[in-house]
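This report looks at charged side-chain pairs. The structure comes first, then the pairs in turn.

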Amino acid sequence: METAKTHIVHGGTLRYLKHDSTATGTPMTLSVFVPPGEGPFPVLIWLSGLTCTEDNFTTKAGAYQAAAEHGVIIVAPDTSPRGEGVADDPAYDLGQGAGFYVDATEELWAPHFRMETYVADELIALIDANFPTTGVRAISGHSMGGHGALTLALRHPDLFRSVSAFAPICSPTRCPWGEKAFTAYLGQDRAAWDRHDAARLIESGAAKGVFDDILIDQGDADSFLTDQLKPELLVAASEAMGQRLTLRMQPGYDHSYFFMTSFIAHHIAFHAKRLKD
């Protein structure tokens, strides 16, 4: 991996990195914060939302004081493959910056848009090989990244000790963002869509006996709440299957990083407890 720049923050080391990905066939960028001390440390993977790069969380979330205090590495990858020759779309909610953390099967997108394989296979192996990790990890994210965190945790429960999300797209098969992206990336087979829908996965029993709790923070002033995010579908699925899920509706908060920075320390503490138990 190539280090683009390094910063010291809260006694730890933050690196911006670049590497050639075999999963996407493109260069991929990410940031990695390593807390002070020799380690080894558990890892929290953060997945960002639509239009974001690795820089949005890194510069705006204010996560590193809590990560330093709890001794947690935080890894924040880009949201999609990018570059010349990579398929794209003029809209903000499809193409580069909008990978949706799935492996595309449709011809236009399949060569590079393999974000599930990138995160679950390549990125995890890369981090464990290059940083002082315990081999234990959690996953979290925001919006599209919240969808990614939930679905990757449910689809790969052996990889993650805990999962949380901020304002996730809870059931992409039943909202405009998800319907558009899944049609493009996965085609018309709705059974394939269901395998990347957190509410549908919980309904199918994917979470049973895996996670003691799933933490969701959602602002009640979020402009996307009703049409796109639909946390009530996640709650209904969890209640039907007996899965504990803590949904905290935060009064007055919107969809922005101002919301995330207000509660990110709670999420890091939530994961740290489970990563070290």
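## Glu203 and its partners

Glu203 and Arg174 form a salt bridge, with the closest N and O atoms 3.9 Å apart. The term means a side-chain nitrogen of Lys or Arg within 4 Å of a carboxyl oxygen of Asp or Glu. This pair links distant parts of the chain, 29 residues apart: Glu203 sits in helix α7 (residues 198–203), Arg174 in the loop between β7 (162–166) and α5. Helices (H or I, at least four residues) and strands (E, at least two) are DSSP runs, numbered from the N terminus.

Glu203 also forms a salt bridge with Arg200, the closest N and O atoms lying 3.7 Å apart. These two are three residues apart in helix α7, so about one helical turn separates them. Salt bridges with shared partners join Arg174, Asp194, Arg200 and Glu203 into one network.

## Accessibility in the network

Glu203 is partly exposed, at 37% relative accessible area. Arg174 is partly exposed at 24%, and Arg200 at 29%. Buried means under 20% relative accessible area, exposed over 50%, and partly exposed in between (1.4 Å probe, protein chains only).

## Asp93 and Lys180

The whole structure holds 10 salt bridges. One of them pairs Asp93 with Lys180, the closest N and O atoms being 2.8 Å apart. Asp93 lies in the loop between β5 (73–77) and α3 (115–130) and Lys180 in helix α5 (residues 176–186), so the pair ties together parts 87 residues apart in sequence. Asp93 is buried at 9% relative accessibility. Lys180 is partly exposed at 33%.

## Basis

The model is predicted: local features need pLDDT of at least 70, side-chain atom pairs count only at pLDDT 80 or more, and totals for chains, interfaces and linings use all residues. Residues are numbered from 1 along each chain as its sequence is written, and side-chain values use heavy atoms, leaving out hydrogens and water.
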